[in-house]
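Q: I have a protein structure open and would like to go through it step by step. Could you help me read it?

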Amino acid sequence: MDTGSEVSRAKHMKTFLRLAVLAVPLALAACGGKDDLDELALNDTPPEVLFNEGLSLRAQGKLRDSTQKFEELDKLYPYSEYSKKSLVNLAFLNYSRGKYTETVTAAKRFVTLYPGDEDSAYMLYLAGQAYFRQMPDITRDQAVTRKAAGAFNELIQRFPDSEYVPDAESKLRIVHDQLGGKEMQIGRFYLKKRNYIAAINRFKTVVVDYQTTRHVEEALFRLTEAYYALGVVNEAQTAAAVLGHNYPDSQWYKDAYSLLNKGGYEPSEDSGSWISRAFKSV
């Protein structure tokens, strides 16, 4: 046997096996495409460099490229101080680009990870604004409107001294008006169908939860109307009396008074009624 030949063949086999093993990750990398290779090439880029590049792109008005840079930083260095700053930028950039779902995602993640951070107030404000911009018309489901209310309320409660609170309060009044309007729309539908209990529940929501909106006057009249139709006269009288006490010049009060008067009744407040208690609690 040629020992030299055996040794040579063994060396060739080891070399072949080593190259074959190396070829597998290279082939997989090639299958991953250019984007994966680019990402791998940036793995060693310091986070401060990526962050500054993102800021530079943002300053140049290249919002999409800036967004991608901050997303890359957040992916490569999660939970770092630069990732934290990137989330703030991502929320702002996505909001600026009209990417409201992405805005909420970044803002919620920030608030979850850093609940006591001073920027959490800004993140809640941006989340509220993103929901606010997506509010549908009054005829549609108001789930997004309720989410806007939730974000603004959380901001006001957790960060009452924040510079964003005044605008949040202003937006919240609009949100409440829309939610109250939706309850009125459904209540009127039930009233028209003579489903008085269901109608009363909707008008009650307006009186209790959205009492400072423009819908409360009509809600009190509709309560007068619905209770009177059910024969619950004392509650009808109370609704009319509370309406007249708080809005004496309202056309709704005149209509309520006329409705009761036709049956020989007048507005008369029962202090034990939920309607009376609801107004006294404000």
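A: Let us begin with a term. A residue is called buried when its relative accessible area is under 20%, exposed when it is over 50%, and partly exposed in between. Thr-213 has 8% relative accessibility and therefore counts as buried. Please keep in mind throughout that this is a predicted model.

Q: Where is Thr-213 in the chain, and what is it in contact with?
A: Thr-213 lies in the loop between α10 and α11. Apart from neighbours within four places in sequence, Thr-213 is in contact with His-176 and Asp-177.

Q: What share of the residues in the protein is buried?
A: Of the 282 residues in the protein, 41% are buried.

Q: What is the mean pLDDT of the protein?
A: The mean pLDDT is 88, and 84% of the residues reach 70 or more. Over residues 1-33, however, the pLDDT is below 50. Beyond near neighbours in sequence, that stretch has two contacts in the model. Where pLDDT is low, the predicted coordinates should not be read in detail.

Q: Understood. How many helices and strands are there?
A: The protein has 14 helices and zero strands. Read along the sequence, the pattern is α-α-α-α-α-α-α-α-α-α-α-α-α-α.

Q: And the contacts: what share joins residues at least 24 apart?
A: Among contacts between residues at least 6 apart in sequence, 59% join residues at least 24 apart.

Q: Let's look at a pair of helices. How do α3 and α4 run relative to each other, parallel or antiparallel?
A: The axes of α3 (residues 47-59) and α4 cross at roughly 165° and come within 8 Å. An angle over 145 degrees counts as roughly antiparallel, and α3 and α4 are therefore roughly antiparallel to each other. The crossing of α3 past α4 is left-handed.

Q: Which residues make that contact?
A: On the α3 side, they include Leu-50, Phe-51, Leu-55 and Leu-57. On the α4 side, Leu-63, Phe-70, Leu-73 and Leu-76 are among them.

Q: What about α11 and α13, parallel or antiparallel?
A: Helix α11 (residues 216-230) and helix α13 (residues 251-262) have axes that come within 9 Å and cross at roughly 10°. Angles under 35 degrees count as roughly parallel, so α11 and α13 are roughly parallel to each other. Here, too, the crossing is left-handed, with α11 passing α13. The residues in contact include Phe-221, Arg-222 and Tyr-228 of α11, together with Trp-252, Leu-259 and Leu-260 of α13.

Q: Tyr-228 and Leu-260, noted. Which other residues does Tyr-265 touch besides those two?
A: Not counting residues up to four places away in sequence, Tyr-265 touches Val-233 and Gln-237 as well as Tyr-228 and Leu-260. Tyr-265 is found in the loop between α13 and α14 (274-280).

Q: How far is Tyr-265 from Asn-234?
A: Their C-alpha atoms are 9.7 Å apart in space, while the two residues are 31 residues apart in sequence. As for accessibility, Tyr-265 has a value of 32% and so counts as partly exposed.

Q: New topic: Thr-205. Where does that one sit?
A: Thr-205 is in helix α10 (residues 196-209). Its relative accessibility is 23%, so Thr-205 counts as partly exposed.

Q: What does the side chain of Thr-205 reach?
A: The side chain of Thr-205 reaches the backbone oxygen of Asn-201 at 3.1 Å. Leaving aside neighbours within four places in sequence, Thr-205 is in contact with Glu-183 and Tyr-210. The C-alpha atom of Thr-205 is separated by 9.1 Å from that of Ala-219, which lies 14 residues away along the chain.

Q: One last thing, about backbone angles. What is the phi of Tyr-79?
A: Tyr-79 has a positive phi of about 70°, although it is not a glycine. Tyr-79 is placed in the loop between α4 (63-76) and α5 (81-96). With 61% relative accessibility, Tyr-79 counts as exposed.

Q: And what about the phi of Arg-194?
A: Arg-194 is not a glycine either, and it has a positive phi of about 65°. Arg-194 is in the loop between α9 (165-192) and α10. Arg-194 has a relative accessible area of 64% and is therefore exposed.

Terms used
Residues are numbered from 1 along each chain as its sequence is written. This is a predicted model: local features need pLDDT of at least 70, side-chain atom pairs count only at pLDDT 80 or more; totals for chains, interfaces and linings use all residues. Side-chain values use heavy atoms; hydrogens and water are left out. pLDDT is the predictor's confidence in each residue, from 0 to 100. Contact means heavy atoms within 4.5 Å. Helices (H or I, at least four residues) and strands (E, at least two) are DSSP runs, numbered from the N terminus. Buried means under 20% relative accessible area, exposed over 50%, partly exposed in between (1.4 Å probe, protein chains only). A polar contact is a pair of N or O atoms within 3.5 Å; within protein, one must be able to donate a hydrogen and the other to accept it, and residues adjacent in sequence count only if both atoms are side-chain atoms. Axes are lines fitted to C-alpha atoms, for helices over the stretch in contact, and angles run from 0 to 180 degrees between N-to-C directions. Angles under 35 degrees count as roughly parallel, over 145 as roughly antiparallel, 65 to 115 as roughly perpendicular and the rest as oblique. A crossing is left-handed if the near helix is turned anticlockwise from the far one by less than a right angle, and right-handed if clockwise.
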